[in-house]
Amino acid sequence: MRRAVPRAAMDFGPADLAAALARTASIAGKAPGRAVSDFETAFADCLGTAGAVAFSSARAGMYFGLQALGFRPGDEVILPAYAF
């Protein structure tokens with residue numbers, strides 16, 4: 001069963017932004033620690049799924065998602081003209 005990611009109102013202040021930037025810097029560094037793994041676990045828990053995988057870009061996520069669904073070169077995938 002597929003579930004949509006719940007939407008929420010953003011309540012994001014300057015302190016939150018500073019914390020996010022600091023955490024992003026640690027992820028991008030040589031020793032990311034458990035930041036990405038913790039995010040994947042929390043996201044999976046939020047959705048009530050067994051697991052979640054984070055990708056470095058939407059393109060990488062779509063590529064591996066389509067492969068996991070069995071799409072192969074030559075298959076047709078239709079997307080909206082304007083997408084992020």
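The paragraphs below go from the chain as a whole to its aromatic pairs.

The model is a predicted one, and its chain has three helices and zero strands, so that, read from the N terminus on, the elements run α-α-α. Of the 84 residues of the chain, 6% count as buried, while the accessible surface comes to about 7,600 Å², with 63% of that area belonging to carbon and sulfur atoms.

Turning to the aromatic side chains, the structure holds three aromatic pairs. One of them joins phenylalanine 39 and phenylalanine 43, whose rings are stacked, with 5.7 Å from centre to centre and 20 degrees between the planes; the angle falls under the 30 degrees below which planes count as stacked. Both residues lie in helix α2, which spans residues 35-47, and they are four residues apart, about one turn of the helix. Phenylalanine 39 has a relative accessibility of 48% and therefore counts as partly exposed, and phenylalanine 43, at 29%, is likewise partly exposed.

Another pair is formed by tyrosine 63 and phenylalanine 64, and here the arrangement is edge-to-face, with the centres 5.0 Å apart and 85 degrees between the planes; for this description the angle has to be over 60 degrees. Tyrosine 63 is partly exposed, with a relative accessible area of 47%, and phenylalanine 64 counts as partly exposed at 40% relative accessibility. These two residues also belong to an aromatic cluster, which Phe55, Tyr63 and Phe64 form together.

Definitions and conventions. Residues numbered from 1 in each chain as written. Predicted model: local features only at pLDDT ≥ 70, side-chain atom pairs only at ≥ 80, totals over all residues. Heavy atoms only, no water. Helix = DSSP H or I, 4+ residues; strand = E, 2+ residues; numbered from the N terminus. Buried < 20%, exposed > 50% of the residue type's maximum accessible area, 1.4 Å probe, protein only. Areas by Shrake-Rupley, 256 points an atom, 1.4 Å probe, with all protein chains shown as cover. Phe/Tyr/Trp six-rings, centres within 6.5 Å; stacked < 30°, edge-to-face > 60°.
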